[in-house]
Amino acid sequence: MATLPNPLPALAADPSGRSLGLQLPLGRLIDATDDGPWHEPLLWHAEQPVSAGNWSALGARAGRAGLLPVLLDLGGRQGGPQEWELMPAEVSYPGDHDAEEVLADFWDEYAAAGDEWPGLCPPPARTADPDTRAAEVADLLAEDRTRFDEPHLALVPARRSADIPAAIGWTGPLNYEEDIAVHCAVLRSWEDRFGIRVVALGFDSMAVSVAAPPTTPEQAEAVAAEHFAFCPDTLAQDGPDALQDYAKSLIAAETWYFWWD
């Protein structure tokens, strides 16, 4: 995958990050993959769980240094990212994949026979600045540990938030697709249409903030179809009304959650 120059090696000699214009708390660099240590750090994460305000305090400055924030859950039964068997060597470039083709292919594979792919949802109006919404969602996840047990603030060298999973070789949807760049192509499209930011990752779960959520039932049903194609385990029930019932929860929702079995 094509990447920007990685600023993280500088933190080995300068853990505070001052040389990068940062003031970092105690943290650690992660280079562990399923195939042994990577040739450079994949990410940095703080040793202490995140608190409200941490994302806002560090995010903008980190972005200027070529690093993007994300919360990583170190409290699940699978441990933290050093135990996640990251696979950066298997990642292609997200820009080489077409989001609608990806979703249409997934839809054809997992939707009921005869259900036609409805196409992409047109972009709704934005209700917030995407980075401001991301900071708000990060603060909510810091305080409410329902979805992520022990979120820690992490920094990843990536061009855009949608590319964060690819940049670290995240394997959350591995049972459905080995190359996470395919999912990142969809995240890029959502970034463009819905102002999403990848805010949190667990071993097999993801939360994204949404600056332009659907506001009508028609938009919500279109987005629900995209969610099902992206993550079939999104629907907690089967049956003809499952997608419509799920769509109702998406109207004006500022956070989308995904979990792959």
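Trainee: Which residue in E6 does Trp44 stand opposite?

Mentor: The model is a predicted one. Trp44 belongs to strand E4, residues 43–46, and E4 is joined to strand E6, residues 151–156, by two bridges in an antiparallel arrangement. Within E6, the residue opposite Trp44 is Leu155.

Trainee: In E4, which residue is the bridge partner of Ile30?

Mentor: Strand E1 covers residues 27–30, and Ile30 lies within that range. E1 and E4 run antiparallel and are joined by four bridges. The partner of Ile30 in E4 is Leu43.

Trainee: Are the residues of E4 that point one way and the other buried or exposed?

Mentor: Leu43 and His45 point one way from the strand, whereas Trp44 and Ala46 point the other way. Buried here requires under 20% relative accessible area. On both sides of E4, these residues are all buried.

Trainee: Why is H3 described as oblique to H6?

Mentor: The axes of helix H3, residues 99–110, and helix H6, residues 180–194, come within 8 Å and cross at roughly 120 degrees. Because roughly perpendicular covers 65 to 115 degrees and roughly antiparallel begins over 145, such an angle falls in the remaining class. H3 is therefore oblique to H6.

Trainee: How many residues of the contact of H3 with H6 are nonpolar, polar and charged?

Mentor: From H3, the contact involves Ala99, Val102, Leu103 and Phe106. These meet Val182, His183, Ala185, Val186 and Ser189 in H6. The division is seven nonpolar, two polar and no charged.

Trainee: Is the crossing of H3 and H6 left-handed or right-handed?

Mentor: The crossing concerns two axes that come within 8 Å. Its hand is left-handed.

Key
Residues numbered from 1 in each chain as written. Predicted model: local features only at pLDDT ≥ 70, side-chain atom pairs only at ≥ 80, totals over all residues. Heavy atoms only, no water. Buried < 20%, exposed > 50% of the residue type's maximum accessible area, 1.4 Å probe, protein only. Pairing = 2+ DSSP bridges. Axes fitted to C-alpha atoms, helices over the stretch in contact; angles between N-to-C directions. Parallel < 35°, antiparallel > 145°, perpendicular 65-115°, else oblique. Left-handed = near helix turned anticlockwise from the far one by under 90°. Contact = heavy atoms within 4.5 Å. Nonpolar A, V, L, I, M, F, W, Y, C, P; charged D, E, K, R; others polar.
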